[in-house]
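Good morning, and thank you for making time for this presentation. Please keep the model in view while I speak.

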Amino acid sequence: MRSNNPVLSRPDTWQVQPAQQVPGQYGQYPGQPYGYDPNAAQFAPAPVAGRMTIDDVITKTALTIGTLMAVAALTFVFVPVGPLLTAAWVVGGLVSFGVVLLVSFRRAVNPAFVLAYAAIEGVFIGAVSKFFEYSYPGIVLPAVAGTFVAAAMTLGAYKFFRIKVSSKFRRMVMIGTMAYAGVLLVNFILSFFGLAFITAGNLTVFALIASAIGVGLAVFNLILDFDYIEQGVAMGAPASESWRGAFGLTVTMVWLYIEILRILSYFRR
């Protein structure tokens, strides 16, 4: 099973090595049962340390998001508005993006990298939230609540309506996500020349539509995350893969939060 979520896209993530067949031995030692092979133990496959479970994913997701929120709160409270906040925003965003790429393309998930991402992303989220709260007082709490409500409603719809993720759906979400990322990249470059077409607090038809599409794509990526985790549990993925599931959910939740924050800013002029 393969997810087209860029964070959860390794095709060989859950491949389990088949048990090796040990040929029978003709020689027997006295007192040993027929067919006993004294050398078989060295050829036996190593036991699996555990399997991925929903409870394990929930625990690791709570730890990852909890770390992110704690660091974000510290940044929000102690970093003053000014050049230092801007530096935290830019450096935190760039470094966390690099860590996302590092974790995404590694075959084995390192929990230290996941928690490092959560801490660095927390600096970025805290700085962004401080800027929005300074510009539009009272905007952060509704955005945080909206993010968790949207995620909970998406999970509820996924389970209640038994949404099946098809290959066509994965492809469409992947293409839409990449196209949207391209639009944001162009917008970011144009912002250096004062030509950005999507800016916080600037309500335009294009900006509103773009942000609505962003929220929709983030929700669709949550569905891919849920399907990835569900399939991993069903296929008996290694317990360490719970960290990958937690990482993917955290990245998508951050994206959803930023999009909701931007939409709310359009109505706080």
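I shall begin with the fold and then turn to ring pairs and helix packing.

This is a predicted model, in which local features need pLDDT of at least 70, side-chain atom pairs count only at pLDDT 80 or more, and totals for chains, interfaces and linings use all residues. Residues are numbered from 1 along each chain as its sequence is written, and side-chain values use heavy atoms, with hydrogens and water left out.

The protein has eight helices and zero strands; both are DSSP runs numbered from the N terminus, helices being H or I with at least four residues and strands E with at least two. Of its 269 residues, 39% count as buried, where buried means under 20% relative accessible area with a 1.4 Å probe, protein chains only. Taking contacts between residues at least 6 apart in sequence, 84% join residues at least 24 apart; contact here means heavy atoms within 4.5 Å.

I turn now to the aromatic side chains. The structure holds eight aromatic pairs. Rings of Phe, Tyr and Trp (its six-membered ring) pair if their centres lie within 6.5 Å; planes under 30 degrees apart count as stacked, over 60 as edge-to-face and the rest as tilted. Why is the pair of Tyr 117 and Phe 247 edge-to-face? Their ring centres are 5.1 Å apart and their planes stand at 75°, so the pair falls in that class. Tyr 117 belongs to helix H4 (residues 111-135) and Phe 247 to helix H8 (residues 241-266), so the pair ties together parts 130 residues apart in sequence. Tyr 117 is buried, at 0% relative accessible area, and Phe 247 is buried with 0% relative accessibility.

The rings of Tyr 158 and Phe 226, by contrast, have centres 5.9 Å apart and planes at 50°, so this pair is tilted. Tyr 158 sits in helix H5 (residues 140-160) and Phe 226 in helix H7 (residues 205-234), 68 residues apart. Elsewhere, ring pairs link Trp 89, Phe 131, Phe 132 and Tyr 136 into a cluster.

Finally, helix packing. Helix H6 (residues 167-191) and H8 pack at an angle of about 55°, with their axes 15 Å apart; axes are lines fitted to C-alpha atoms, for helices over the stretch in contact, and angles run from 0 to 180 degrees between N-to-C directions. At this packing, Thr 177, Tyr 180 and Leu 184 in H6 meet Trp 255, Glu 259 and Arg 262 in H8.

Key. Buried means under 20% relative accessible area, exposed over 50%, partly exposed in between (1.4 Å probe, protein chains only).
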